Amino acid sequence: MKSKQPSHLRSIVAHIVLIILSFMCLFFFYILFINATRSHADLQKGFSALPGNYLLKNLSNVANDGTFPMLRGILNSLIVSGCSAAICTYFSALTAYGLYAYNFKLKKVAFTFIMAILVMPTQVTAMGFLRLITNMGMYDSLLPLILPSIASPAVFYFMYSYLQSSLPLSLVEASRIDGCGEFRTFNQIVLPIMKPAIAVQAIFSFVGCWNNYFVPALVIQSKDKMTVPILIATLRGADYMNFDMGKIYTMILVAIVPIIIVYLCLSKFIIAGVTLGGVKE
Amino acid sequence: MKSKHKKVDYSKWGYIFILPFFVSFFIFSFIPLVDTIRYSFFEYYRSGIKEIGPNFVGMENYISLLGSDMLKYAANTLILWIIGFIPQIVIALVLAEWFVDARLKIHGTQFFKVVIYLPNLIMASAFAMLFFTMFSTNGPVNSILMSIGLTSQPIDFLGSAMGTRSLVGFMNFLMWFGNSTIMLMAAIMGISPDVFEASELDGCNSFQRFFYITLPQIRPILAYTLITAIIGGLQMFDVPQILTNGQGTPDRTSMTLIMFLNSHLKSRNYGMAGALSVYLFIVSGILCFFVYRMTNNDDPDGSKAAAKKAKKQQRRG
Amino acid sequence: MKKRVVSIMLIAAMAASLAAGCGKSSGSDSGNGGSSSGGSSSGGSSSAGASSGEEGKVINIYSWNDEFRERVEAVYPEVKETSKDGTVTVLNDGTEIHWIINPNQDGVYQQKLDEALMQQADASADDKVDIFLSETDYVNKYTDADADAAIPLKDLGIDPDRDLADQYDFTKVTASDVDGVQRGSTWQCCPGLLVYRRDIAKEVFGTDDPEEIGQKVKDWDTIKATAEELKAKGYYTFASYADTFRLYGNSIEESWVSPGETTIKVDQKIMDWVNSSKEWLDAGYLDKNVKGQWNDDWNKAMSSASKVFAFLFPAWGIDFTLNPNWDGEDGVWAVTNPPQEYNWGGSYVHACTGTDNPEHVKDIILAVTVDKDNLLKISKDYSDFTNTTSGMKEAAEDDSFASEFLGGQNAFEYFVPVAENIEIAPLSAYDQGCVELIQNSFSDYLQGKVDYDKAKKNFETAIIERYPDITEIQWPE
């Protein structure tokens, strides 16, 4: 009761800080948007705080460029990021559950091992990776962009930590007593409990995958399989003599719309997931 | 405790559940990793389109790396990381706490939650491009500063080591604080409301509650955030790469380890890149082991956390 | 148990359908060619070149943009049609050209090309690289005799002395290996000019006549005096120190790395560039805020609000860099002679060792880089300064080649003498890295961030990172 007054003050501080931070975050989107609405010549003149009227022209420039399959690129990116996020979260949860809920000989070894590889920078193995998938005949296909995300140590660790704090083993016991199979227990009891964690990681891995340039640039060759970041790089780099910054900003703008949509959907889901927390103790 | 014995019957399920992970890891990471390590002992690079090597040279790559500026780049990486990470984790913790604190009655929580994560959605390279434009000598930031009279001469942000480093740090902060906030928020929301209610009844103020209840309870996720941030920091690449055009200008003061690795990969120097990768691997391993120990004490497999949970349940019951 | 089976099957099905999806699309790409060409993949005849009887059905061309494709479509008579996405061009006899385009950015193009060249020997006939392009900065990497990536033109049945007599000599030298064997040909040659603002010229000098301005910038000493005049009125002569680099870099006397050696010899001319750039920058002849080229500040220096008097550009620079960045009326910019002849850029076409389509490759090279009418057409349609000495002389006198952007001035008139006087600097396979890194390293010095010796040291570090086989760097006294 004592804390009523300070709490009021803190609330004001909190609002101010939040507004400043939000302003900084949105400011860059605003600039991106402004730049996407201006023509290349306009952009060269310098910055302006007001949008131009060139957005539609830029958009149609991007969409109608036959050598530049924007829609196809977005579709590819959606497939890759969607599949990656799905299998990454599912298998990480599965692995985390396997290590959390069961006791077996190699458990400690397996856990330590995953923790060790958690720290491995992706760039480190890039060249070996490229050679490997070339030998496997997966060069220039979307599969090598998706399949490796089954093994995501970081996501695994998050899931594991989450299980530690939110899944009592008694619940698993109970479901066994009810005669549930192990997979069913996982899919019907454990997964729903992990929903918030899954939603969080699904967003992160979706975004990570969507924005990944490094691996796709190594693996993808043909135009109809390019993902959005490669297309943007192509747009920027292919023809430095007549590149069009307006087009590039528009492309970036177009590229972030899908992830914002996915993000908005999932962010609702996180909130919803948390209210499911009745099973917690 | 009785349940532990019963679980032995299920041990094969443990193997089955973790199998896909390990198969995928073995194929897509382990084989390439072995390749990388193997080549680190070789002289192996491209000259033009001719391949030189592989010739076995033992530890030569490792030794010549130690003689290079590698340690300087490691220091750069650390500095860049700290500039971004400290504000990131502090603000993320504070925000996460605010968001779940019903007493603050924050309006538009949903809006703020959505907004702070947005910068993470833009590609790092695109973000760096925007920054580059904004902070260039005749960019909008300088014209704003000049028009409100804060400075008479345009400031050459990217021309000084401090300026470039701050910008990189600031960008990393902006891109990742929302991410951390959401993660920590999910962790805090995972804490049983009973604990908070109890603390309220005991007359805890917000600070006490934050330090004595929230922090210890979210330790696993906090450790996770810390570890992923360290890995992310070690891997810092896109932002300084684009902002400084791959040069780490001025005078290589913002050259990170991965940018260094990248320049070896660019010259197709598999041997040197391999050796550098092994160094990176060892360093990040040590760092994470340290952090993990620090945050989790002696609980490498979570058995202690389970025991704690059991105890808590006992207390409750 | 059942559940498990189902979920595993689901995953398997998902994976399978994905694989099928991918397999299908990649199959249809090469399938057409693959099915019909089984007979022609005779391995032995590949290096023998022109005389091998049967041609492959797929011509793979590696490039970094659509420039070459557009030129081929415009002038190669055998072209029937190109698919909408620009990846496949069908010729009249049914042969398909597959365009493999990778961005130049971050060296991706060379990376992918190198990868393909390394696998050239093992690739199936339809996957072999047939033609690839290179730029002046790294052409030597591919024309190198030991590398054996580009077929000597002679082996294709093109005699450089006879068939390419009308080409500019320096382009032939550029595309040749150490022994003088020509292994590539270009349609484009890139003599550079000085492009200046007429309005500023009028204000400062009282005249905007290209002849008179040309006199004021005819050599380095004269242009320095001119720079002082410009400065007095508040104008910069050039935007950035990087603008003048090509002029010095083109006139080095020895190549960066002599054939067979692993020592980089930094030429005195390069140090002259550093010293005079420092002098110019400190004297205020250059805009301190513009650091190098290809960045925002540099682009903005080309707009009407800028105080920069002139740029140094070849034909493509005027059309594709200056023009898009200019926001005023046409006719404000004009060209005149540069203080020193130089060449900037140029894309070389190479026949790739191991090609299974030597006849087509030969035809394409002849059509796009040799045929005078075709070259004139390219000049007219794409404003390239093309590789025909007689044709360019005609263009210089032909008013239909006048440029709208230059207010009706015929730039070819100024390009021709430059092109004829270009002495191409001796090349090496290390040029791209040397040119790029020396500018980067000394950029810090010019801006006063590091001292001279530190800049040298930074260059040494960077160049050894890029080229591990370099053992020593020698600086001029």
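Predicted model: local features only at pLDDT ≥ 70, side-chain atom pairs only at ≥ 80, totals over all residues.
**Figure 1. Helix α3 of chain C, where three chains come together.** This helix covers residues 108-118, and eight of its 11 residues are buried. The buried set is V108(C), Y109(C), Q110(C), K112(C), L113(C), D114(C), A116(C) and L117(C). What do the buried residues of α3(C) pack against? From chain A there's α12 (214-219), and from chain B there's β1 (42-47). Chain C itself supplies β1 (58-63), β5, α4 and α19 (431-446).

Figure 2. Buried or exposed? T136(C) counts as buried because its relative accessible area is 11%, under the 20% cut-off. Leaving out residues up to four places away in sequence, T136(C) touches T174(C), N343(C), G345(C), G346(C) and Y348(C).

Figure 3. Most residues other than glycine have a negative phi. D148(C) isn't a glycine, yet its phi is positive, about 50°. You'll find D148(C) in the loop between α4 and α5 (153-156) of chain C. With a relative accessible area of 42%, D148(C) is partly exposed. Over in chain A, D140(A) also has a positive phi, about 60°, again without being a glycine. D140(A) sits in the loop between α6 (126-135) and α7 (143-146) of chain A. At 15% relative accessibility, D140(A) counts as buried.

**Figure 4. Charges over rings in chains B and C.** In chain C, the charged end of R71(C) sits over the ring of Y382(C), 4.2 Å from its centre. Chain B has an arginine and a tyrosine in such an arrangement too: R38(B) lies over the face of Y39(B), at 4.7 Å from the ring centre.

**Figure 5. The contact between chains A and B.** Chain B brings 99 residues to this contact and chain A brings 109. Between them the two chains bury about 9600 Å², with 75% of that area on carbon and sulfur atoms. Which residues of chain B lose the most area to chain A? They are F17(B), F21(B) and F28(B), which together make up 9% of what that side buries.

**Figure 6. F156(A) and the largest nonpolar core.** The core holds 194 residues, and those touching the most other members are Y97(A), L99(A), F156(A) and M251(A). Helix α4 (residues 70-101) of chain A makes the largest contribution, 15 residues. Zoom in on F156(A) and, setting aside neighbours within four places in sequence, you see contacts to S92(A), T95(A), A96(A), L99(A), F111(A) and I114(A), plus F21(B) from chain B. There's also a second, separate core of 94 residues, with I318(C), A411(C), A425(C) and A462(C) among them.

Figure 7. Across all chains, the structure has 79 aromatic pairs. One of them is F131(B) with F135(B), a stacked pair at 5.3 Å centre to centre and 20° between the planes. Both of these phenylalanines are buried. They also belong to a cluster that takes in F23(A), F27(A) and F28(A) from chain A, and F127(B), F131(B), F135(B), F157(B), F170(B), F173(B) and F177(B) from chain B.

**Figure 8. Helix α6 of chain B, mostly under cover.** The helix spans residues 124-134, and nine of its 11 residues are buried. Those nine are A124(B), A126(B), F127(B), A128(B), M129(B), L130(B), F131(B), T133(B) and M134(B). Two of these names, F127(B) and F131(B), also turn up in the aromatic cluster.

**Figure 9. Confidence along chain A.** Chain A averages a pLDDT of 80, with 87% of the residues scoring at least 70. A stretch to read with care is residues 273-281, where pLDDT stays under 50. For that stretch the model has 16 contacts beyond four places in sequence.

Notes: Residues numbered from 1 in each chain as written. Chains lettered and ligands numbered in written order. Heavy atoms only, no water. Core = buried A, V, L, I, M, F, W, Y, C linked by side-chain atoms within 4.5 Å. Buried < 20%, exposed > 50% of the residue type's maximum accessible area, 1.4 Å probe, protein only. Helix = DSSP H or I, 4+ residues; strand = E, 2+ residues; numbered from the N terminus. Contact = heavy atoms within 4.5 Å. Phe/Tyr/Trp six-rings, centres within 6.5 Å; stacked < 30°, edge-to-face > 60°. Lys NZ or Arg CZ within 6 Å of the ring centre and 35° of its normal. pLDDT = per-residue confidence, 0-100. Buried area = accessible area lost by both parts, 1.4 Å probe.
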